2 protein chains.
Amino acid sequence: MTIHSIFITILFLSVGRAHNNFPSRSIYKMLVVQKYGGTSVANPERIKHVASRVAEYWEKGNKVVVVVSAMSGVTDSLIKLAKDIIPTPNRREMDVLLATGEQTTIALMAMALHSLGVPAVSLTGPQAGIVTDRSHSTAKIRNITPSRMRKYLAEDYVVIVAGFQGNTEIGDITTLGRGGSDLTAIALAAALKADLCQIYTDVEGVYTADPRVVPNAKKLDEISYDEMLELSSLGAKVMQSRSVEFAKKFEVIFEVRSSMNNKPGTIVKEETKSMEDVVVRGISIDKNQAKITLVRMPDKPGSAARTFKALGAASINVDMIIQNNSPETQNTATDISFTVDKPLLKRAIDVLADIKSSTGFAEIAQDDHIAKISIVGVGMKSHSGVAAMLFGALADAGINIEMISTSEIKISIIVNMDKADEALRVIHAAFFPDTKK
Amino acid sequence: MTIHSIFITILFLSVGRAHNNFPSRSIYKMLVVQKYGGTSVANPERIKHVASRVAEYWEKGNKVVVVVSAMSGVTDSLIKLAKDIIPTPNRREMDVLLATGEQTTIALMAMALHSLGVPAVSLTGPQAGIVTDRSHSTAKIRNITPSRMRKYLAEDYVVIVAGFQGNTEIGDITTLGRGGSDLTAIALAAALKADLCQIYTDVEGVYTADPRVVPNAKKLDEISYDEMLELSSLGAKVMQSRSVEFAKKFEVIFEVRSSMNNKPGTIVKEETKSMEDVVVRGISIDKNQAKITLVRMPDKPGSAARTFKALGAASINVDMIIQNNSPETQNTATDISFTVDKPLLKRAIDVLADIKSSTGFAEIAQDDHIAKISIVGVGMKSHSGVAAMLFGALADAGINIEMISTSEIKISIIVNMDKADEALRVIHAAFFPDTKK
């Protein structure tokens, strides 16, 4: 058999596989998982726009899995409907309700691809084989059985999967909580061993700082999982931490990019040697923190532990913690400061008031007019002088630092809210002088 | 063990079964399936109203399964969304899309019951174990595995099931087509061997005629399946025929009643001896028909067969068929008239034009300005004079009859649309003189 005749045979088989009058291809280049968020699929027009992007990838000979969110606004409307009925809806039923949002999008996206002559089929989270635990509204993915997706991919379909949802082993519908669609995309990429995972969003990638505050912020070509984790959990808002953690755990390399243009985005992957050459990757700002200070906490074993145990029991996460023994109190007592999410401040104060007498601190001070700024970079490990440069920049601008906390790859500071944006800009200018305007 | 101690034991077991802080009961009276249509659940307020009705039944010690439709308007909005994307959406994807409508209602209904302290759980059609064939958008129920519903009922939950939907054996979402929620309710009542099946709607039951046209029409206490079938397929619009056929086949007695008040509705059941005492049960009107006449069809074997085969192949249902040999043509040719659904008239004319030369009729006449009126009653079988009374009433009013067709339990006539409502009123007055105002 000559190569020529083999080629004809392949062509013939390929034609034999065609159905629904859709074109079919015998070989493919890559398996790509693409995720489009609510803004990208907000209305029929945008859905058609996304479909044309998907079609482009498919037409180039790639296998494509598309994960979609609910059309923007839909989830909020559903929540409003539920709240009109009962103030705190049952979480199982809330999941049944919210899951309709993504289910609507998958059907419309499949139709939009059909209108372009591309074979496409929709699958809900449960149909895609996504099994979660039973924590309704914040479910964790337990396992994925990708056989149904694989079957459709083998038949050359574009497979559209509803993000944000799955089901329990007994078939109850669950949702994955905030950022759940990103998680779905990354988990599917892992389960299918995809060659590429693209998270399409309304920003062009990850920036050295929020471009709305720092207009000359620079888009990053690549970033390590750990840097991304620090940046996302610290308010960069591009992605939820747990999606990045999941990607890190299962070594899924993904790209954050815009659905509005064709520019390459930011690749998120395991850190490489060359990444360490960059000392600071990015600077994030978080205006959603509040600071609590426990004044004159007795300096004896167990006091701090009891305090944070009580907060933990009330599901209040504590972020930065600073303790500074004061010579004034002759080392018998100390002030402890920490930050909590601003919406949880009142609850935290209530919890602390309850344990005030048993723990023995003198008083509780609070401040919700603060912002946290963090500079992040894996290169920080091997470079000194980062803190010095940071403090110098702020001192030059006359901005006071209220708290400082450091880790291997980041330095976080608390400043007054009124100075927050200015602080971000002067720090950015100090660490990225080449982008200074 | 005394009776007293048995009673205490039962109470104890009953308390032991309680959960979620919901009250629990040890015995129950009846298993009731209730179906509420789109108008009854159109908004959160109406959903709460329905929930309070359901709660009443539950509190009286009944087990309750509630079948709900999509909130009115929702299905139309979803169809519009789809049509904005593609003129003829793929039917599999349309089912995925439309199924979200009922899924939304079940979650909200469960929440509304929770707000009244009633334990309730929602199930989609697939979760309720409803398996259908693969005819997307017009799926037929193949079987129902009620184990999950039974489990929840045993635990004293009100079970809310999404009407109109099921899934195929491989788990593709299907919908049952128009009137599908009624069908779901009746099928569940059959599968669960329910004691009562109630179809709640926006009318108070089945009337002797449409009350909007005949203001003194009387609500019927009961009606036989066959009468209901004739009335519903003839435009009474209370229910789709196939739900009634399904009920007849599985001997499900059901009640059509209003969700707006507490009045008893109309019981639909197998005919009884006493039913035959009533000659005419009701009179329906259908303004959705058009009449076609094939002029001078050659009177030879096969001509008519070929004609109706061609229409059948084009999925055009033919209703009344009248053939009348004319002495004028010396029995070599005949006129054939029949009626079709008005929206299919154009397609029917096209099909007939194609076979005109091969079939040999001279011309095609059409009239879409007609209405069909049918009088229905199982008692008709054993009474004569019904037709005479009908024709007399119309003659007295000077209304011309264009076509007549009879069956064992009904007589249908075609009149000019302009005279339709008047015809309905005079016929009603003739057969129901006691309700004459």
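Q: Hi! Which residue of S2(B) does B:Val33 stand opposite?
A: B:Val33 faces B:Val65 there. Keep in mind that this is a predicted model.

Q: What kind of unit do S1(B), H2 and S2(B) make?
A: A right-handed β-α-β unit, with H2 spanning residues 44–59 of chain B.

Q: How many residues of S1 in chain B are buried?
A: Five of the six, so to speak: the strand is mostly covered.

Q: Changing topic: how many residues of chain B are in contact with chain A?
A: There are 27 of them, and they touch 27 residues of chain A.

Q: Which helices of chain B each supply at least two residues of that side?
A: H2, H3 (74–85) and H4 (91–115) of chain B do. H2(B) is also the helix of the β-α-β unit with S1(B) and S2(B).

Q: Which one gives the most?
A: H4(B), with 14 residues on the side of chain B that touches chain A.

Q: Nice. What is the make-up of that side by class?
A: On chain B, the side touching chain A has 15 nonpolar residues, nine polar and three charged.

Note on methods:
Residues are numbered from 1 along each chain as its sequence is written. Chains are lettered from A and ligands numbered from 1 in the order in which they are written. This is a predicted model: local features need pLDDT of at least 70, side-chain atom pairs count only at pLDDT 80 or more; totals for chains, interfaces and linings use all residues. A residue is buried if 20 or more other C-beta atoms lie within 10 Å of its own, exposed if 12 or fewer, and partly exposed in between; C-beta atoms are placed from the backbone. Helices (H or I, at least four residues) and strands (E, at least two) are DSSP runs, numbered from the N terminus. Two strands pair if DSSP finds at least two bridges between them. A crossover is right-handed if, with the strands pointing away from the viewer, the path from the first strand over the helix to the second runs clockwise. Two residues are in contact if their C-beta atoms, placed from the backbone, lie within 7 Å. Ala, Val, Leu, Ile, Met, Phe, Trp, Tyr, Cys and Pro count as nonpolar, Asp, Glu, Lys and Arg as charged, and the others, Gly among them, as polar.
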